[in-house]
Amino acid sequence: MQSSTIREIFLDYFSSKDHLIMPSFSLIPQNDPTLLLIGAGMAPLKPFFTGEKKPPHPRVATCQKCVRTPDIERVGYTGRHATFFEMLGNFSFGDYFKEGAIEWAWDLVLNGYRLPEDRLWVSIYYEDEEAFKIWNEKIGVPADRIKRMGKEDNFWEIGLGPCGPCSEIYYDMGEEAGCDRPDCSVGCDCDRYLEIWNLVFTQFSREASGDLIELNQKNIDTGAGLERLAMALQGVHSIYEIDMVKPVYDHFYNQINSFRHDQQVPLRVITEHSRGITFMIGDGVIPSNEGRGYVLRRLLRRAVRFGKLLGLEGDIITEAVPLIVDIMSPAYPELKERENYIKQITNLEEQRFQETLAQGMDILENYVAQVRAKNDQTLPGDLAFKLYDTYGFPLDLTAEILEEKDMTVDREGFDQKLQEQQTRARAAARSGGGEEEDNRYRAAEHLTTIFTGYETLEQEASLLLMLIDSQVSDEAKKDQAVEIIIDHTPFYAEAGGQVGDTGIIETSTGRIKVENTIFTPFGQIVHQGQVVEGSIKVKDSAVVRVDDNRRQGICRSHTSTHLLHRALRNTLGEHVNQAGSLVAPDRLRFDFNHFSALTSEELQLIEEEVNKMVLANLPVKVEMTTLEKAEELGATAIFTDKYEENAVRMVSAGDYTRELCGGTHVSASGEIGLFKVVTEEGIGSGLRRIEAMVGFNAYRRTSDRDRLIDKFAKALHATEDRLEQKFDEHLIGTKAIQKSYNELKQRLAASEVKSLLSEVKDVEGVTVLSARVSADNQETLRLVMDEVKNHLSSVVVVLGAVSDGKVILVASATGDLVKRGIRADQLLKEVARQVGGGGGGKPELAQAGGKDPQALPAALESVQELIKRQLKSMPN
């Protein structure tokens, strides 16, 4: 029976039992910060179980894609463990309970899937007499085929709250799949007794006292692994032999020369991981060093490493993606739509890791040899951290490689180094925050401000609270800085990337110029500003006015971000999601996830599409609706934001874009006037940023560029229509001059190197050249260094020069010396420090500068001693 048929029979069966069939949810949890990834069929339905949401139907059935990594080390070593799997499940929210769940599960297994009854076993929680009686007396399963098991295996709970006993159905795979132990039975860790269905009876609540309290509403949560059912129904002994997985296994197998039995585990690992990688990227996960992105990176790098063990070359995972998509897209059509995107992300990550994998493995092997030479079996944490920080080796990957060598890693030492790095990174950004901010606005905690700024920009109000230097005050006089809270305000407080409003608060005795508007930690709106006339007292009546022109600029920018978001998705793909923004009156900034820099053609398409929507003068409407209705209409939400179920604010620009948003907007897109992209850049792994201008600022920028073009045309003695041609001719001439200049420099560098080679020293078996040369820039200095390396195959080179009164430095270490522990970047950092400067680079190549030419000779002289220290710091 094919896997697609198994899936179809399950869902059809429960549809006939009045279950609502829901499609698989994304692997990325929505509105649940407690989960990195969906790892069980019930996970997306958790709000229905907890009562947070009302379920769409009291009975639901799904086939949910899942990723779970606790058993990652067992993948490949057994035939049943996987990180990616499909979970078939039926769920009851206060409807049927044990009897219905057990009866239907048994009926489907026997009569739907026609599994032989004599190969089926059942487990129950050892105290669950109710379940025993249903299985034994109602269903007719003999008592000796019902195994009672303990809390660890057959009682589900996570901390306090709902919990309950479980009952599982097992399929006997036959003696040949067993472990030959005389006591081998249900619950044995071998592959013989395969758990195919778990029925969880949520009937209790665990109280803080430890007591179990019976729930008024009892729920059912079941999970049947599709891959495991396929093993039983297709008569095979591992998931790698079922119809959905075997073609992928064969794809990799056929690339191996002279397959050996000891290569089975690596082959299984890359087969299994490639499926999870494809689905995770398809659902929008991007490789990173934290969160769900780290899970993806770990799987991908683990698969690449095992592929290398098999001798596979090239982008092995990327090349498997089309096959996986073809197999799985009939059930998950979104994979076909995102196939190119999945391949691009996979390819990018594979190439990044392959650049450092070989070198990192060499370094690790060197570390292993040094540790073993000391008769030790534990890799120090600082060395594991160096592998992570420099070569991108996740700690788990290092630990797994060491385990293959019967070694361990000092995890505590690694964690300490990681903590130190994170502490340093946070130090600069730390700003008091937290408790101090809470205390500052504690007096406002129970006050209420009603926001009226969607409807009006002017409002009568009463002053409720005044702070001067964070202290409550009754009166403020001219030139004093104040923070004001009033009962009604049209001022928008900074939120969702939109900057706070500015304007005026005016009473009969004074005036405040509002310079910013923010929220307190408790939700009140604070107007920050300065008294510019007279004095202001608490409880005064006031007229408050928002700066109209500035607000209009903000509205133009904010609506533009919505148009830009939609244009990015249309051009680059639906994987694009907002990752941050700045909405200001004079500019906008939009951060989004994408795997590569945008081409000039892509940027032009995006800019043109936004401006087309501006010219279309689309009506911009705001509607309060439910989250469910907004999602049905296709509204875009930000994954990291939390939304009220029954009251969300949806902003639409015609039918072009709909987003959940609390910001202020124009009433029609034509009010934007003009949209102009200023810059596009990367701001992190998988993150891009676009900055743009709108309205008159965009016009002014365009006008300034026109003047610049006119200036260039005059300088090149060309009309505007011939400017590009004239520029190309000028560029060709400039390149010819530059080529001649470079050839001359090369000849001069070669000449200087002949005399430099006489200054080469031997430092504990390392060839070292440290010298001052004549060079007017870094490029010339590197030319001399390259000439030295052309003459010496193994060498550390440190060269310095003085140009325009400043020191310039370069350093290089050949690959063989890097493996011995020499790092050009650290070496040059210390040399640069001595000449009052700094720099950076890689272990193989670094450059730096300094302010003290007088110190250069001594700094270059210190190189030999610095190299000795680096060699001594390496473990023997």
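**A guided look at a predicted model**

Helix H12 bends by about 35° at Leu357.

User: How do two helices pack, say H8 and H9?

Analyst: A general idea comes first. An α-helix has 3.6 residues a turn, so residues three or four places apart point the same way. Here, H8 (264-282) and H9 (291-309) pack at about 145°, their axes 9 Å apart, and H8 passes H9 in a left-handed crossing. The H8 side of the contact includes Pro266, Ile270, His273 and Ile277, while Leu296, Leu299, Ala303 and Phe306 are among the residues from H9. By type, the contact residues divide into 12 nonpolar, 2 polar and 2 charged.

User: Which strand order does the open sheet of 6 strands have, and which strands stand at the edges?

Analyst: In general, strands of a sheet pair through backbone hydrogen bonds, either parallel or antiparallel. This sheet runs S29-S30-S31-S32-S34-S33 with mixed pairing. S29 (761-763) and S33 (838-841) are the edge strands: each has a single partner, so one side of each lacks a neighbour in the sheet. On average, neighbouring strands are turned by 20° against each other, direction ignored.

User: How many bridges join S31 and S32?

Analyst: S31 (796-803) and S32 (806-813) pair in the antiparallel sense over 8 bridges; for example, Val796 has Ala813 in S32 as its bridge partner. Helix H26 (863-873) packs on the sheet too, touching S29, S30 and S31.

Terms used:
Residues are numbered from 1 along each chain as its sequence is written. This is a predicted model: local features need pLDDT of at least 70, side-chain atom pairs count only at pLDDT 80 or more; totals for chains, interfaces and linings use all residues. Side-chain values use heavy atoms; hydrogens and water are left out. Two strands pair if DSSP finds at least two bridges between them. Helices (H or I, at least four residues) and strands (E, at least two) are DSSP runs, numbered from the N terminus. Axes are lines fitted to C-alpha atoms, for helices over the stretch in contact, and angles run from 0 to 180 degrees between N-to-C directions. Contact means heavy atoms within 4.5 Å. The bend at a residue is the angle between axes fitted to the seven residues ending there and the seven starting there. A crossing is left-handed if the near helix is turned anticlockwise from the far one by less than a right angle, and right-handed if clockwise. Ala, Val, Leu, Ile, Met, Phe, Trp, Tyr, Cys and Pro count as nonpolar, Asp, Glu, Lys and Arg as charged, and the others, Gly among them, as polar.
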